[in-house]
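Welcome, and please have a look at the chain shown here. We will walk through it together, from the overall make-up to a few local details.

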Amino acid sequence: MVMEKRNRRDSTIGGQRAVGGWGKLATVREAVVVCSSVDAGVTLWDAASGALLSHLRSCAAPRNALCPVGPHFLAASQSLKPSSSSAGGAIFFWAWNKNQVACKSYPVEPVVPLACTSEGSYLAGGGISGRIYLWEVASGKLLRVWAGHYKAVSCLVFSDDDSLLISGADDGIVNVWPLLRVLDVAEEAHGESQLTSMYGWSDHTLPVTGLLAGSGGSSAIVVSCSLDHTCKIWSLALGTLLRSIVFPTALNTVVLDPGEYALYAGGTDGRIFITALNFGVPTTSGILADGLLGTDAALIGHSRAVTALAFSMDGVSLVSGSEDCTARLWDTVSRQVLRTFTHSKGPISSLLVLPRPPMLQHGSVTDHPGRPINRRMPLLPVAPLSKYVISDSVSQDPNPWEGPLVVLPSLFPNEQEDADGFSYSFAAMERQIKELEQRGSTAAMQMELERLRSELRRALNNGQQWQQLHQELYCFCVDELMGGNKEREDGEEEGEKEKEKEKEKGKGRGKVADKTREK
């Protein structure tokens with residue numbers, strides 16, 4: 001009997017630790033993370049049960065200001081509203097295992113939107129002046145500052161492969177910045193520097209309020225929404241506008257389903273509009289094709305403006321946050337509300353749906369007042385963010401072995417450790433190794449460009465030579481054909497002339513003979 005229970009327990013643990021394909025999606029538990037523009041903290045709920053997991057204190061974040069930093073930290077910029085007791089424009093960091101602020105940073109200007117790479121190596125922030133900042137999280141070093149927009153930056157997002165940073169602002173422009181170009185030392189001057197964007201799209205007529213990048217890295221689509229009532233879909237591969245969809249109200253946020261079949265846009269009137277991206281979507285799904293809207297193509301439930309949208313990993317559940325102080329979990333197939341999360345301390349400004357943090361897998365931060373549990377230290381460090389860019393000549397340390405802490409993943413984690421933390425750190429190590437191997441990438445890219453140019457010139461020369469040979473061969477063949485015909489015609493004409501001469505000679509001889517006879 002004991003052996004049977006042990007086998008049953010082992011099989012359960014093995015099922016929960018499935019790491020491949022849909023097995024992992026079936027066992028991953030998700031958390032809904034919300035915050036408010038007033039000082040109401042950050043609240044975490046379990047998406048499946050609705051249970052309260054944790055409450056992080058001292059946070060008043062505006063829209064698009066909340067982002068995870070790897071699997072162990074959460075970052076949020078603070079609101080500029082005078083009603084907030086937090087430091088306006090500052091950036092706060094929390095560790096999931098503590099409800100107090102772990103680190104506070106104060107940039108040179110207020111920063112509103114934040115975006116972080118998937119493994120938590122780099123953090124990007126958008127300033128109210130239009131500048132964009134990029135920090136290294138582990139050391140806190142400010143790597144680059146550049147003028148990205150003419151007005152305040154309103155939203156930032158990285159592509160799914162972390163190769164591109166996409167920004168939107170109140171000037172109505174959407175810019176695409178290659179991260180390789182941002183990190184390139186050869187293009188960087190001391191302090192603030194100028195940077196040329198890969199693409200600059202200016203089709204919006206009012207401020208951009210939401211951005212998202214689809215799957216596919218540099219070949220994905222980018223969707224932007226604006227107060228001008230439109231959602232615009234751009235192609236990163238072509239750099240052009242693919243489609244523009246007009247809605248009956250101003251929009252605050254936009255999201256795609258994981259299959260990228262449908263687009264969900266949150267309006268200022270509380271409705272969540274649905275429209276199909278591809279033709280051929282079944283009409284029974286409730287999605288209207290070609291952007292034609294109606295009351296039956298919207299999720300209706302919020303009484304005030306929808307400020308944030310996020311999809312669950314199951315591809316069916318949609319979570320929405322609103323200024324009516326509620327977050328709702330929707331079933332997009334039946335378009336019914338499955339669960340309502342009440343955030344009574346203030347209107348919801350930002351919302352995330354994340355895999356349940358490693359520190360909260362076995363319970364909340366406090367199961368009873370004042371009784372902390374699960375106090376494991378984060379695997380990756382975080383440091384206060386620098387205010388200014390320090391040039392390499394100034395930042396050179398006399399002791400090169402001193403620097404930011406680098407944590408190496410263990411090859412054999414014990415049973416109580418979370419495997420996801422090790423996978424994240426291993427991915428970070430792989431990315432850092434690749435970056436070290438590709439150091440001096442500007443020269444390598446220049447050499448590759450020169451090689452391609454020389455091959456192109458060689459190919460063009462070969463093409464011109466072959467074209468010249470073809471022309472000569474063509475002329476030769478035409479001359480041969482036309483010359484043979486002329487020789488035949490000339491020969492025939494000469495033969496006819498000789499025949500005529502012989503006839504005339506014969507006639508002359510006959511006349512002479514006749515005269516001789518007559519004589």
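**The chain as a whole**

Please keep in mind that this is a predicted model. The protein chain contains six helices and 30 strands. Of its 519 residues, 43% count as buried. Its accessible surface comes to about 28,000 Å², and 55% of that surface belongs to carbon and sulfur atoms. Among contacts between residues at least 6 apart in sequence, 49% join residues at least 24 apart.

**Strand β18 and its two partners**

Let us begin with β18, which covers residues 230-235. Are its residues mostly covered or uncovered? Strand β18 is mostly covered, with six of its six residues buried. On one side lie Thr230, Lys232 and Trp234, and on the other Cys231, Ile233 and Ser235; both faces are covered.

Strand β18 pairs with β17 (residues 221-226) in the antiparallel sense, over five bridges. Within this pairing, Cys231 of β18 is the bridge partner of Cys225. β18 is also joined by five bridges to β19 (residues 241-246), again running antiparallel. Here Ile233 stands opposite Arg243 in β19.

Both pairings are hairpins. Three residues lie between β17 and β18, and His229 in that turn has a positive phi of about 75 degrees. Between β18 and β19 there are five residues, and Gly239 in the turn has a positive phi of about 75 degrees.

**Another hairpin: β26 and β27**

Further along, β26 (residues 326-331) and β27 (residues 336-342) pair in the antiparallel sense over six bridges. Thr326 faces Thr342 in β27 as its opposite residue. Four residues separate the two strands of this hairpin, where Arg335 takes a positive phi near 60 degrees.

| Hairpin | Residues between the strands | Residue with positive phi |
|---|---|---|
| β17 and β18 | three residues | His229, about 75 degrees |
| β18 and β19 | five residues | Gly239, about 75 degrees |
| β26 and β27 | four residues | Arg335, near 60 degrees |

**An open sheet of four strands**

Strands β20, β21, β22 and β23 form an open sheet in the order β20-β21-β22-β23, with antiparallel pairing. Why is one side of β20 and of β23 left without a neighbour in the sheet? Strands β20 (251-256) and β23 (298-300) stand at the edges and each has a single partner strand, so one side of each has no neighbour in the sheet. Neighbouring strands of this sheet are turned by 20 degrees against each other on average, direction ignored.

Arg271 stands opposite Ile300 in β23.

**Thr253 in β20**

Thr253 has its place in strand β20. Is Thr253 buried or exposed? Its relative accessibility is 9%, and since buried means under 20%, Thr253 counts as buried. Not counting residues up to four places away in sequence, Thr253 touches Cys225, Tyr264, Ala265, Gly266, Val306, Thr307, Ala308 and Leu309.

**A surface patch**

To finish, we turn to the surface. Which residues form a nonpolar patch there? Tyr474, Val478 and Met482 do, with about 290 Å² of accessible area together. Met482 is found in helix α6, which spans residues 441-518. With a relative accessible area of 46%, Met482 is partly exposed.

Technical notes:
Residues numbered from 1 in each chain as written. Predicted model: local features only at pLDDT ≥ 70, side-chain atom pairs only at ≥ 80, totals over all residues. Heavy atoms only, no water. Pairing = 2+ DSSP bridges. Axes fitted to C-alpha atoms, helices over the stretch in contact; angles between N-to-C directions. Buried < 20%, exposed > 50% of the residue type's maximum accessible area, 1.4 Å probe, protein only. Contact = heavy atoms within 4.5 Å. Patch = residues over 30% accessible without salt bridge, like charges linked within 9 Å, V, L, I, M, F, W, Y side chains within 5 Å. Areas by Shrake-Rupley, 256 points an atom, 1.4 Å probe, with all protein chains shown as cover. Salt bridge = Lys/Arg side-chain N within 4 Å of Asp/Glu carboxyl O.
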